[in-house]
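Please keep the sequence and the structure in view while working through the points.

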Amino acid sequence: MKYNFDEIVNRRGTYSIKWDGGELLKQIGLTDRYDEETIPLFTADMDLPVPQPLIEALHKTVDHRIFGYTIFPKEYFEAIQHWFKKRHDWDIPQEDISFSPGTVHALNVAVKALTNPGDGIIIQRPVYPPFTSAIEANGRKVMNNALKANSDGYFQIDFEDFEEKAKDETTKMFILCNPHNPTGRVFTKEELNKLADICAKHDVLIVADEIHGDLVRRNQTFIPIAKATDHGERIITFTAINKTFNVAGLHCTNVIISNPELRKTYNTVMGMHLPSPFTVSALIAVYNEGEEWLEQLKDYIDGTMEWAVQFLAEKMPKVKVRIPEGTYIMWMDFSEYGLSPDEIHDRIYNKANVLLEDGKMFGEEGLQWQRICIPSPRPLIQEAFERIAREFKDVR
């Protein structure tokens, strides 16, 4: 069927963090202004309708009228195996798959289960803020291997620095984000191999957050790091239907661990987490019948990104931005305006009344950057960019 992603679905009154969470967002300091006219584009949460097979599967679950304790049936694991084999040519044995109610939760479990207080953990800033909090809140030490942007805004790995961090005797883990949030890099097989080789050489575990792996541009190929290297026994991979199919509220992350000892240690700390019947129904439906929707979604997101880059080139040429290789996130550099991060924030959040995410949340490398999540109806995205452009029109 043909999906209409231009349709604006009113999410107010549906307990949405984006659309109903204004008071919370003010309390945590994300914004000072939030009202009925705010356009919130700050979080990785689509404002787009989900696949029809998913809706039908959830209706069937509701119609049963009983929502008790739930198992993982064999169809659940078969759906995961089918998807990753077909989409990424990755064979995943059922015994390697564990469940987590969320990726951030899974990340915190990995840190607690597989490292000790005081250990160093490598991350690559600018990066998703919960990476930092998972390390620091659990008494571990951040080892920052910052990604470096060239003159075209293309981010690359500093491998010399990475190995320096990896060979530090306190370093025990590397948390990889691929596709990378917020820069949008999809790392190549060569890059992944080199990272894995360095980690194996220095006995550093790899935890790979790959939850955006299905959301890449048409000219890109995503390769799971566990498939790209011969060191898979030292890798823990997070996958999820949450980002791909816009079901973050159903809480479904799957953790792939091929090493039985690591898996046992991880699962012991994770403890028992049973799924919702809606989670099981959702995963089976989207992995078995959601591909047509995903292909249409990717076309739509690509089109929105192309529009945004063209708009900025014409109306805000001082903003440096490129179409990311993966994710539905755009990472925008406002530094050429010569404004402070607070001034940039004020013009966007308070005056334009568009809610993005300040780059400083991703590390000091992002001080004059802004992150925008663009999987919303294109008319809404266009209105947001028009508002922002008006507020920077007078800046010379």
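1. A crossing of two helices is called left-handed if the near helix is turned anticlockwise from the far one by less than a right angle, and right-handed if clockwise. Helices (H or I, at least four residues) and strands (E, at least two) are DSSP runs, numbered from the N terminus. By the rule of handedness, α3 and α12 cross in a right-handed way.

2. The model is a predicted one, in which local features need pLDDT of at least 70 and side-chain atom pairs count only at pLDDT 80 or more, while totals for chains, interfaces and linings use all residues. Residues are numbered from 1 along each chain as its sequence is written, and side-chain values use heavy atoms, with hydrogens and water left out.

3. Helix α3 (residues 52-64) and helix α12 (residues 277-289) have axes that come within 8 Å and cross at roughly 150 degrees. Therefore α3 is roughly antiparallel to α12 (angles under 35 degrees count as roughly parallel, over 145 as roughly antiparallel, 65 to 115 as roughly perpendicular and the rest as oblique). Axes are lines fitted to C-alpha atoms, for helices over the stretch in contact, and angles run from 0 to 180 degrees between N-to-C directions.

4. Which residues of α3 meet α12? They are Pro53, Leu54, Ala57, Leu58, Thr61 and Val62, and their partners in α12 include Phe278, Ala282 and Glu289. Contact means heavy atoms within 4.5 Å.

5. Helix α5 (residues 103-114) packs with helix α6 (residues 129-136) at an angle of about 35 degrees, their axes being 9 Å apart. Val104, Leu107, Asn108 and Val111 of α5 make the contact with Pro130, Phe131 and Ala134 of α6. The contact has six nonpolar, one polar and no charged residues.

6. Three strands form an open sheet in the order β11-β14-β13, with antiparallel pairing (two strands pair if DSSP finds at least two bridges between them). Because β11 (329-333) and β13 (357-358) each have a single partner strand, one side of each is left without a neighbour in the sheet.

7. Two backbone details deserve attention. The peptide bond from Arg125 to Pro126 is cis, with omega near 0 degrees, and Pro126 is in the loop between β3 (120-123) and α6. Arg65, although not a glycine, has a positive phi of about 80 degrees.

How values were computed. Nonpolar A, V, L, I, M, F, W, Y, C, P; charged D, E, K, R; others polar.
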